[in-house]
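Thanks for passing this one along. Here are my notes, in numbered points, to read with the model open beside you.

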Amino acid sequence: MLTALMTVSRPLTASRASALAGAIAVPGDKSISHRALMLSALAIGQTRITGLLEGEDVHRTASAMRALGAQVMRDVPGEWHVNGVGIGGLTEPDDVLDMGNSGTAARLLAGILASHPIFSVLTGDASLRRRPMGRVIEPVSQTGAQFSARDGRRLPMAIRGASHAMPIAYRMKVASAQVKSAILLAGLNARGLTRVEEPVATRDHTENMLRHFGAEIAVERQEGGRIITLAGQPELIAADIAVPGDPSSAAFPLVAALLVEGSRITVRGVGLNPLRTGVFAALRAMGARLSIANERIEGGEPVGDVTVEASPLAAADTEPALAPSMIDEFPILAVACACATGTSRLRGLGELRVKESDRLAATAALLAGNGMRVEIEGDDLIVHGNGGPPAGGGLVATQMDHRLAMSGLVLGCVTKEPVRVDDVSFIDTSFPGFVDLMTGLGCRFG
Ligand code: S3P
């Protein structure tokens, strides 16, 4: 059913909007939602989850955890409960686990499966089947698990989990929270200490949530990076989770309001984990009038209300070391750069090449197809803005990538001519209700 829905392309056109106004909330954080379902399935007892993202990606994780023996129930919209089976308690699924469009679901689950003595097969949609899995297979094989994947270490991939998993010691080769998390999750059912060294810090939701469930985890900070040590085979105890609004989703309405003259909007309850908020810092550095109020801690994560007012923007220059803290926001940040005055340089975007699409090339194409001058130099994206609205009038090829679709629609809110997006169906993977929410703020899609 899901697959059938995803194969029908839904084009949509965005036209120039007049001032956006309103206070909204965005759906729950995607990264935290996946982890909430996975860890609660491995805990003893019942975990109640509120604010869970009900996007396609997270539904895939819910189905997979059910197929592995956990009870995962939706009570009312956004409120779920999970009865966990305990670490080591997952049972062999009787069919292939289809993770749809979700790299996070596939990679984190590969870590969990590696240290359970069961056989499983992971697959995904055409976009996910193109994405590299070697980055997980290599470290996680240290447990003793056996992986057999398609050429180029791509899905579908079979996993024969280790009966007596060995703990992993690994220094990260790419800055990837998915790989780090896969290693830590594999370490949950290994005897002894799992140790991951990351030279560049990446989002730490797995570490925070492991602590929340009672695992013994130590994090040592060093020169921008971290060393994380996890004691294997803890007893995870069910602990309720409130999922904050996704800052990666909030970035779309916030950038739209920054760019459309006369706008002022607030997004309430946005997750403000410092390893996720690079885009807000980058926008402020460009001159965005962006303020944060009502800061609080919810479920172990900082949360606040973010308000923006339309602002003239200057060019951006972002450091490679900060790329992980806004890795999913570069397409929409590039849209902001297209409307800024001067030449922006977004540095160190190599990882964008292995997202839901080759997002580096696709972001450049999105802007170039709408009248902007852009270049890719090595791993940097260069955008020449002249402070005025881009021409628009182009067709955006979304390539099964939700963030390109949303970036194209936001671009069309400011361009002189409308922007057509070839397929908005993938927006449902991370931001169900995006079109209605944006329309409610004043956007014109049709
Ligand atoms: C995620 C990590 C990032 C990000 C993805 C979600 C996670 O991927 O792009 O959308 O939840 O851990 P990488 O770890 O591959 O950079």
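1. Start with α11 (residues 359-368) and α12 (residues 402-412): their axes come within 11 Å and cross at roughly 20°. That makes α11 roughly parallel to α12, the cut-off for that word being an angle under 35 degrees. Axes here are lines fitted to C-alpha atoms, for helices over the stretch in contact, and angles run from 0 to 180 degrees between N-to-C directions. Helices (H or I, at least four residues) and strands (E, at least two) are DSSP runs, numbered from the N terminus.

2. Before going on, keep in mind that this is a predicted model, where local features need pLDDT of at least 70 and side-chain atom pairs count only at pLDDT 80 or more, while totals for chains, interfaces and linings use all residues. Residues are numbered from 1 along each chain as its sequence is written, and side-chain values use heavy atoms, with hydrogens and water left out.

3. Which residues in α11 and α12 meet? On the α11 side look for Arg359, Ala362, Thr363, Leu366 and Leu367; on the α12 side, His402, Arg403, Leu404, Ser407, Gly408 and Leu411. Contact means heavy atoms within 4.5 Å.

4. β20 runs antiparallel to β21 (residues 380-386), joined by five bridges; strands count as paired if DSSP finds at least two bridges between them. Ile376 stands opposite Leu381 in β21.

5. Six bridges join β12 to β13 (residues 225-231), and the two run antiparallel. Gln222 stands opposite Gly225 in β13.

6. Last, α9 (residues 278-285). Gly278, Val279, Phe280, Ala282 and Leu283 are buried there, meaning under 20% relative accessible area with a 1.4 Å probe, protein chains only. Their cover includes α8 (247-259), β15 (264-271) and α10 (330-338). Just after α9, Gly287 takes a positive phi of about 105°.

Key. Angles under 35 degrees count as roughly parallel, over 145 as roughly antiparallel, 65 to 115 as roughly perpendicular and the rest as oblique. Buried means under 20% relative accessible area, exposed over 50%, partly exposed in between (1.4 Å probe, protein chains only).
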